[in-house]
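Keep the viewer open as you read.

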Amino acid sequence: MILLTGKISYPELPSSNPLNHAQNMMTGNYFSNQNFENKDFTKEPFERGEYENCTFRHCTFEYADLSRCSFNDCGFTGCNLSMVKLGSTAFREAVFKECKMFGLQFSDCNEFGLSFQFEDCLLNSSVFYKTSIKKTRFKNSNLTEVDFSEADLSHAVFTGCDLSGAVFDRTNLEKADFRTSVRYSINPSLNRLKQAKFSLSEVHGLLGHLHIDIDRNS
């Protein structure tokens, strides 16, 4: 009988330590409580990573690639973010003020914890298709031709907004507040409007699909 002797080598198993696992999963840079002002990211690369409690003032991001970046409790004021790429970008409690944001595909964002507020922003032609953005506040913003199809906007508040050409198709607008906004066109038979609030002066925006003439002077 022949006996085989020697040490048997087994492949090394990955560590079960959750801290090591978290470290292995981290990619990119981490920025906390930093201020970025008057940066032009069309001329210098934007560093991909996680930003927490950071502020961006008067920065130009136009056409920048923000894919796989994370912005937690960050504020953007007076920035140009038009046409930026948002592939798996995470916005959590982000606040945008006086920002130019044409043509943004918010539907490409990381949907986990997606939350933001907009004030005095230009969001023309941006897309929120199928996003879950309950309780979002849009204040004094231009939402011309924005696509809200199949989005969950329940409890959202639209204050002093222009919604010309905005698309609402199978959108959840339950308990949303449109009382101070104008130029919207919403078909009640295609959208969920239970307990939504509208002003009498703009109620014609709910009747456009009926193709009837409304005398606004009577």
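This is a predicted model: local features need pLDDT of at least 70, side-chain atom pairs count only at pLDDT 80 or more; totals for chains, interfaces and linings use all residues.

Y51 stands opposite F71 in β5. Residues are numbered from 1 along each chain as its sequence is written, and side-chain values use heavy atoms, with hydrogens and water left out.

Now zoom out to the sheet. It is an open one, made of 4 strands in the order β1-β3-β5-β7, with parallel pairing. At the edges sit β1 (29-32) and β7 (90-92), each of which pairs on one side only. From one strand to the next, the twist averages 10°, with axes taken as lines fitted to C-alpha atoms (for helices over the stretch in contact) and angles running from 0 to 180 degrees between N-to-C directions.

What does the whole protein contain? There is 1 helix, and there are 11 strands; both are DSSP runs numbered from the N terminus, helices being H or I with at least four residues and strands E with at least two. Along the sequence the pattern reads α-β-β-β-β-β-β-β-β-β-β-β. Of the 218 residues, 40% count as buried, where buried means under 20% relative accessible area, exposed over 50%, and partly exposed in between (1.4 Å probe, protein chains only). Here's a figure to keep in mind: among contacts between residues at least 6 apart in sequence, 2% join residues at least 24 apart, a contact being heavy atoms within 4.5 Å.

Next, the aromatics. A search of the whole structure turns up 41 aromatic pairs. One of them is F46 with F56, a tilted pair at 6.4 Å centre to centre and 45° between the planes. F46 lies in the loop between β2 (35-37) and β3 (49-52) while F56 is in strand β4 (residues 55-57), so the pair ties together parts that are 10 residues apart in sequence. Both F46 and F56 are buried. As for the cut-offs, rings of Phe, Tyr and Trp (its six-membered ring) pair if their centres lie within 6.5 Å, and planes under 30 degrees apart count as stacked, over 60 as edge-to-face and the rest as tilted.

How many disulfides does the count come to? It comes to 0, with a disulfide taken as a pair of cysteine sulfur atoms within 2.5 Å. Take C54: its closest cysteine sulfur is in C74, 4.9 Å away, and that is too far for a bond. C54 is buried at a relative accessible area of 1%, and C74 also counts as buried, at 2% relative accessibility.

With 51% relative accessibility, K130 counts as exposed. N140, again not a glycine, has a positive phi of about 50°, and its place is in the loop between β10 and β11 (157-159). N140 counts as partly exposed, at 38% relative accessibility.

Key
Two strands pair if DSSP finds at least two bridges between them.
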